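These are my notebook entries on a structure that is new to me. I set down what I looked up, one topic at a time.

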2 protein chains.
Amino acid sequence: MAAASRTKRNAFYAQSGGVTAVINASACGVIETARANKDRIGKVYAGRNGIIGALTEDLIDTGKESAAAIALLRSTPSGAFGSCRYKLKSVEANRREYERLIAVFQAHNIGFFFYNGGGDSADTCYKVSQLSESMGDPIQAIHVPKTVDNDLPITDCCPGFGSVAKYVAVSALEASFDVRSMAKTSTKVFVLEVMGRHAGWIAAAGGLIEDEGIPVVVLFPEIPFDEKKFVARVDTLVKKHGYCTVIVSEGCHHPDGTFLAEQGTKDAFGHAQLGGAAPVVAGIVKRALGHKFHWAVADYLQRAARHIASKTDVEQAYKVGAAAVKLALQGHNAVMPTIERTSDTPYKYRIGMAPLASVANVEKFMPRNFITPDGFGITPACKRYLRPLIQGEDAPKFRNGMPVYATLKNVAVDKKLPAFELR
Amino acid sequence: MAAASRTKRNAFYAQSGGVTAVINASACGVIETARANKDRIGKVYAGRNGIIGALTEDLIDTGKESAAAIALLRSTPSGAFGSCRYKLKSVEANRREYERLIAVFQAHNIGFFFYNGGGDSADTCYKVSQLSESMGDPIQAIHVPKTVDNDLPITDCCPGFGSVAKYVAVSALEASFDVRSMAKTSTKVFVLEVMGRHAGWIAAAGGLIEDEGIPVVVLFPEIPFDEKKFVARVDTLVKKHGYCTVIVSEGCHHPDGTFLAEQGTKDAFGHAQLGGAAPVVAGIVKRALGHKFHWAVADYLQRAARHIASKTDVEQAYKVGAAAVKLALQGHNAVMPTIERTSDTPYKYRIGMAPLASVANVEKFMPRNFITPDGFGITPACKRYLRPLIQGEDAPKFRNGMPVYATLKNVAVDKKLPAFELR
């Protein structure tokens, strides 16, 4: 028994950065697959509030959760164990934190590290793998991809993105129908602000409503904002169709790099107003063309909207979680499962694998040939890329009018080490 | 035949004011019920862009639409024939417009006027009925209730509201799960702005997430904003739960009547910034407590969100449309079908009837006993009222990842009268 428990090592799973509608589906994939391999993997511990839980030895024993509760994670948005925005510095600048992570892993006999996040966490994951090896007690570190921004390299798409894309496309379509109804005497321009500080993938999804006959202008972070050209484009569309919809990325910026959302707006007290890009764009339209407008800022609603998640995205999120465990059991280390598209129509993909050294700290932007020459729309190539990712619906169960989402018990594991101070 | 066509009169249907996720379900109820009574009702004409279509004799022949297209209206948000914001003045101030309406109705042998809107259109509907009677050619005018604001009197609730309520409750729940995940190191307060200029019904729906364990503060238009008390309440909740969600009504205002959304915000050029209440509330929290925040403005997304409509609401919207036709066939005039609740649990209702004279221009606000004594939440009585209205899901069909919504042909009827100038 004692020998067996030494060869059978525990796993650690943590969620990192902004959460999504499907990151818990990845957690579900990790935990269910680990449970199916009890002969090789012992406990699955989760970090409370992400990597901070590992640093402070605040571990959650996922074994205390029922199979039903874990299964429900598949249809629960947000991060069930808590996430955090905490980027570890370089090993040189803060070796203390990496050594602490490894000490916590050793204290709890953790041999598998599954880190569910974006580019930053891929970097952390990679370093933990390297450092633990150099310290003579290798930990198999597998990164599970997650980001609504869809900006991870190598993988064809990133779990979390497909559901935001579906939310944005569906919401933009519905609001556009609304504006179309009202345009004769009232609102003629509707502006929807979506996430995407550096990459325009989410805004691009709004461009899909063109296929439903909606006149739409998309403002990407990749294309510096040209107010004159933008106003002319809106003017043309409103003259032709009577109305139009504008999808603006939060990262849309002027040629000098200033974000539209930060153009010195002040409130009545002279405090800088943390406004959105949408009201700024709406104001530009109003001043230039006089049209009545409405604007919306989707913010967290878009990345939390599990009720309108893409079935494709949910499946992929689950599969990369499950694949992470399988890759670990096959002996892989410092890798990330990827989604490899093999066909657009019909959509086909398989789960592949990428070395973390190639993933960490690389951002994938919209290729220029996915954006129309005028910079205000998406091309057929972009639509071929996006369309499969929003396929299928996977509504949660509802009870008493509301979706049924999991809130776990999140039972703490007894600590074994002295406290550690986060600096 | 000629005699029959004279006794068989046509119907006119128009959509008025802000559209909803289910106003087309009412249109579907009107048209399908009229089609089922072809022996008594001839053509169903719709006003293109609401009552403006009647004034300008821009009528749509709904008979050109297939049964399938009309059936699809039941799951299509927005106003399929176009709506308008155009309030007729009093008969005294603008007799010309009322006489024109009646002239158009006479020219097209219209004996039934179904007007689908809120308080203003109930008033118009009533006046048309009165005036046509005084002019010796009575038109049976039936008002079909519609408003997301839920502010019509007599009827227990108003079609359009239940679906917004469900959208707001579900979205607020999802975003709250997100904030709960992030609160340790990042966002602690999430602010969601919802519609409701005068009445707080929509904001109240956000209060339902308390039943899911979410700490929530609701800001109603009925309760003047008390910044100090509000900050103290947020502080208490964040200290206790680590995070909280704020639902703010667009109509939330200071004791002097100034809207929060209009507190003199100016952009970099000194132009008044048409901001939302949400960023203002978020800024107040940031300055007073220092918490990181996120905010969203749902705007049109909330009232157009047919994909997460309440099944109860869709059914009621259809039924009041159908009932309007039945009431007309029974000889009623100047009335509105209402929803009469007969039981909370299990929820039961029947379709009743109210005289338009009692409906027109009366706004129904949240009763004080639906709001908690501190002014920041909803009471059990309010929850008993709201809960049935968000029951059931009625997802549209999806194709290629997107909901299938109707866009009608909207074929124009030949004009018979000289042009009429809108003043």
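How much area is buried between domain 1 of chain A and domain 2 of chain A, and what percentage of that area do carbon and sulfur atoms give? I noted first that the model is predicted. The buried area came to about 820 Å², and carbon and sulfur atoms give 50% of it.

**Entry 1: the two domains of chain A**

I looked up the bounds: domain 1 of chain A comprises 2–147, 308–361 and 392–403, while domain 2 of chain A covers 161–304. Their C-alpha centres lie 35 Å apart.

**Entry 2: the interface in chain A**

I found 14 residues of domain 1 of chain A in contact with eight residues of domain 2 of chain A. Six residue pairs are in polar contact across this interface. By class, the side of domain 1 of chain A that touches domain 2 of chain A has six nonpolar, five polar and three charged residues. I then checked for salt bridges and found one between the two domains. I also looked up the salt bridge of Glu393(A) with Lys166(A), whose closest N and O atoms are 2.6 Å apart.

**Entry 3: Thr155 of chain B**

Is Thr155(B) buried or exposed? Thr155(B) counts as buried because its relative accessibility is 1%. Its side chain reaches the backbone oxygen of Cys157(B) at 2.8 Å. A polar atom of the Thr155(B) side chain also lies 2.8 Å from the backbone nitrogen of Ile339(B). Leaving aside residues up to four places away in sequence, I recorded that Thr155(B) touches Met336(B), Thr338(B), Ile339(B) and Lys364(B).

Definitions and conventions: Residues are numbered from 1 along each chain as its sequence is written. Chains are lettered from A and ligands numbered from 1 in the order in which they are written. This is a predicted model: local features need pLDDT of at least 70, side-chain atom pairs count only at pLDDT 80 or more; totals for chains, interfaces and linings use all residues. Side-chain values use heavy atoms; hydrogens and water are left out. Domain bounds come from an automatic or database domain assignment. Contact means heavy atoms within 4.5 Å. Buried area is the accessible area (1.4 Å probe) that two parts lose on being put together, summed over both. A salt bridge is a side-chain nitrogen of Lys or Arg within 4 Å of a carboxyl oxygen of Asp or Glu. A polar contact is a pair of N or O atoms within 3.5 Å; within protein, one must be able to donate a hydrogen and the other to accept it, and residues adjacent in sequence count only if both atoms are side-chain atoms. Ala, Val, Leu, Ile, Met, Phe, Trp, Tyr, Cys and Pro count as nonpolar, Asp, Glu, Lys and Arg as charged, and the others, Gly among them, as polar. Buried means under 20% relative accessible area, exposed over 50%, partly exposed in between (1.4 Å probe, protein chains only).
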